[in-house]
Amino acid sequence: MKKHFLFLFAILLPLLVSAEKVEIDGIWYNLTNESKTAEITSSPTKYSGDLVIPETVMYGEEEYNVTSIGNNAFASCSSLSSIIIPQGVTRIGNNAFFACHSLSSIIIPKGVKSIGSNALYNCQTLTTIILPEGLEKISSSAFAFCSMLREVYCYAENAPSAEPNAFDGSNLRSAILHVSTSCIDNYKTTSPWNKFSNFEAEANKSVGIQGTFDLNGRNISGSGLPVPTNTTQDEGRVVVNITVNPAGEVIATSINRRTNTVSPELRQAAEDAAKRANFNKIDGKDVQSGTITYYFKLR
């Protein structure tokens, strides 16, 4: 009887932890109830345009952490032009962005440990790849045949383990590999990183910041919009809702839905800067509402 029970349990166990495929706000996920995690999966109609993946999703009354980009999730999504991946993601699956011909750059967030086979294979317009400090493994042909590749930034202190063909056919004679000064020799002597013809040592990729505002025709006072203090290697647009009193002081802020980054560091930096803004004084007692928008761009 005990043997029969164990056999039955072995059959049922995969069913107990199996994932449920659902669509939430235009993105498809495999939800695992046991761990409360979500994996991005493919869409029946293909993804397109600019896509922002959230850090968490709600389904029913449960919250799920987005932790991986599944196998084939964005494969052959030829109209996908940009994507922002949250920092909670730890794995990029096989063929995840296979033949995404409109994707010109990608930032792999610092939580990612592994990148699967053919993950960005044949992304014909991909020019820039940014790899995080914690990356450990790059599988076969992950970045192969990206013929327009110009720059790869890798922030891992030790060259991540990568299959010999990880960058095959990807213009390594012209592309530049940017790594920190302290570990450039490690990359130059480790395959396949040593296939790059051009190395550039740097401490970090700098972040350019631009800002605009909209407050019913009022003007900014002083030396202009305050500049956010930011050191994280992320990019995106943060739109901050502001409430301004007649004296020109920002008395309330919140993050606008038009923000296209889930990075908590960028959001906080933008909101902190917006709180320091001052506008021209006006007569009256009524407050006004508007927005301040900051654009963070890696360069």
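Biologist: Where is the place of Asn216?

Modeller: In this predicted model, Asn216 belongs to the loop between β17 (207-214) and β18 (236-244). Its phi is near 50 degrees, a positive value in a residue other than glycine.

Biologist: Is Asn216 buried or exposed?

Modeller: One reads this from the relative accessible area: buried means under 20% and exposed means over 50%. Asn216 has a relative accessible area of 54%, so Asn216 is exposed.

Biologist: Which value does phi of Asn72 take?

Modeller: Phi of Asn72 is near 65 degrees, which is again positive in a residue other than glycine. Asn72 sits in the loop between β6 (62-69) and β7 (80-84). With a relative accessible area of 38%, Asn72 falls between the two cut-offs and is therefore partly exposed.

Biologist: Why does Thr127 count as buried?

Modeller: The cut-off for buried is under 20% relative accessible area. Thr127 has 11%, and therefore counts as buried. Thr127 lies in the loop between β10 (114-115) and β11 (128-131). Leaving aside residues up to four places away in sequence, Thr127 touches Ser104, Met148, Leu149, Arg150 and Glu151.

Biologist: Which residues touch the most other members of the largest nonpolar core?

Modeller: A nonpolar core is read as a set of buried residues joined through side-chain atoms. The largest one has 58 residues, and Ile69, Phe74, Phe97, Leu131 and Trp193 touch the most other members. Trp193 has among its contacts Leu131, Ile138, Phe167, Tyr187 and Phe199, with residues up to four places away in sequence not counted. A second, separate core has 16 residues, including Leu215, Ile242, Ala277 and Phe279.

Biologist: How many helices and strands are there in the chain?

Modeller: The chain contains 3 helices and 20 strands. Of its 299 residues, 45% count as buried.

Biologist: What share of the contacts joins residues 24 or more positions apart?

Modeller: Among contacts with a separation of 6 or more, residues 24 or more positions apart account for 55%.

Note on methods
Residues are numbered from 1 along each chain as its sequence is written. This is a predicted model: local features need pLDDT of at least 70, side-chain atom pairs count only at pLDDT 80 or more; totals for chains, interfaces and linings use all residues. Side-chain values use heavy atoms; hydrogens and water are left out. A nonpolar core is a set of buried Ala, Val, Leu, Ile, Met, Phe, Trp, Tyr and Cys residues joined through side-chain atoms within 4.5 Å. Buried means under 20% relative accessible area, exposed over 50%, partly exposed in between (1.4 Å probe, protein chains only). Contact means heavy atoms within 4.5 Å. Helices (H or I, at least four residues) and strands (E, at least two) are DSSP runs, numbered from the N terminus.
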